[in-house]
Amino acid sequence: MAASHHVPGFAHGQNGSAAETDPATLSLMQGVPVPADKQVRWTDGSMWRFPQQRWAFSHMRELVPTVNIGREGAVSVLPVALRDDLDDVRLTTLDGQAMTWRDSLAATYTDAILVMKKGVVVYERHFGATTPATQHILFSVTKSFVGTIAEMLIEEGRIKPDAKAAEYVAELAGSGLGDATIREILDMRTGLAFSEDYVPGQTGLTDVQRMSISTGWVPRLVDYEGPDGNFAFTASLGKNAPHGGDFVYRTPNTSALQWIIERVAGASLAEQIHTRFWAPMGMQRDAALGVDRLGTGFGGGGLMANVRDIARVGEMMRLDGHWNGKQIVPAAVVERIFAGGDPAAFVACQYTGNLDGNYGSQWWHRAGGQLMAMGVHGQGIYVDRGAGVVIARLGSHPVASNRGNAAVTTPAYDAIVAALQ
């Protein structure tokens, strides 16, 4: 397989431990000039290989085109009262392994993690190439921002949830999503013909590889004649089932939703994230959004931010949309997001560690009422309103799907929440 065919999110080869694959230990991107065997590059696909991705995920702005999302005003306060007893909290993984909270962070290749209890930071760690200032790639946590903005536009009366996508974006007419309702797209219950499989095929390009080319995550092959650009790729897809069925996770649903909110609001996704979140929330650092060759943001997974700022987003959601003295997200929208999707539509996906959960408004939900934004390789925002706990996490796990680390992450979160009660 040519280097440029490499699938973002799929790790090839044998995996070392978190300590063995620490970018500093491996001297990745160190030296003047950097030796060839220590380089992490976009052009040869090495940024998507393990362990090189452990450096890349903390340095995405050096590797792919981005648009800046600026912060404004005074930084909102995150009170800190760190506890020294949480590393030794015990848990048992879903496959029966006993370990500590500290062990769980290494087992899931955590790059940064922050835990808040009722608005106070009680635990914070950074590992590998990630620092408190790092604009780490969030991957599909981005989707939850797109879904929240869509729900806000619904609340403002600018989008009708039962309207068809083509009513807002004429270019989607005749595509696999043109006749899907906004709600079906929000909850990923469309019949879109797309496979979210990160394992490379033996012959030809997979759907994920073609999407990666269109979004600019990998170089465009000389002989490739497929669509160029995030929206063009989305419009090129058909459907292979009726809409409104079971939940099936497909990133182009979010790309269509992004197209709709940009068309309705008359502003790019980056501009809307800035206006609705980064400017009023008193974020600590700028964020960024990866863009394709046409300058279109990748709402399916291109947002980059530091762990403290995504923790602020989680705490804002825990506080019914209120943060920094402002109502950032209307309380009615927060309640609709927490209400989630139809659990019956979620059963078939048999999601590890969340068999009785659901998916709605581009957010994941657990049966206990917890809300989650999740991105491949271990990115996440976890909100437990009942316990008053928010967990923000960045990672570089060798397996893309969070099914690869959920057997550890889910019981680890439960254990830390219990320890904080």
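User: To start, what volume does the largest pocket have?
Analyst: The largest pocket has a volume of about 390 Å³. The model is predicted, so to speak with care: local features need pLDDT of at least 70 and side-chain atom pairs count only at pLDDT 80 or more, while totals for chains, interfaces and linings use all residues. Residues are numbered from 1 along each chain as its sequence is written, and side-chain values use heavy atoms, with hydrogens and water left out.

User: Which residues are closest to its centre?
Analyst: Of the 19 residues that line the largest pocket, Glu196, Tyr249, Tyr351, Ser401 and Arg403 are the closest to its centre. On a 1 Å grid over the protein atoms alone, a pocket is an open set of points where a 1.4 Å probe fits, with protein on both sides within 12 Å along at least five of seven lines, and lining residues have an atom within 4 Å of a point. Points are joined across faces, edges and corners, and the volume is the space filled by probe spheres set on them.

User: How does that lining divide by class?
Analyst: The lining of the largest pocket has twelve nonpolar, four polar and three charged residues. Ala, Val, Leu, Ile, Met, Phe, Trp, Tyr, Cys and Pro count as nonpolar, Asp, Glu, Lys and Arg as charged, and the others, Gly among them, as polar.

User: And the second largest pocket, what is its volume?
Analyst: The second largest pocket has a volume of about 190 Å³. Its lining has 13 residues, with Ala18, Leu105, Ala106, Thr110 and Phe127 closest to the centre. Helix α2 (101–107) gives the largest share of this lining, three residues. Helices (H or I, at least four residues) and strands (E, at least two) are DSSP runs, numbered from the N terminus.

User: New topic: at what angle do α3 and α8 cross?
Analyst: The axes of α3 (residues 141–155) and α8 (residues 269–278) cross at roughly 75° and come within 11 Å. Axes are lines fitted to C-alpha atoms, for helices over the stretch in contact, and angles run from 0 to 180 degrees between N-to-C directions. The two helices are therefore roughly perpendicular, a term for angles of 65 to 115 degrees.

User: Which residues make the contact?
Analyst: Among them are Phe145 and Ile149 of α3, and Ile273 and Phe277 of α8. Contact means heavy atoms within 4.5 Å.

User: Last one: where does Lys118 lie?
Analyst: Lys118 lies in the loop between β4 and β5, and its phi is near 50°, a positive value in a residue other than glycine.

Definitions and conventions:
Angles under 35 degrees count as roughly parallel, over 145 as roughly antiparallel, 65 to 115 as roughly perpendicular and the rest as oblique.
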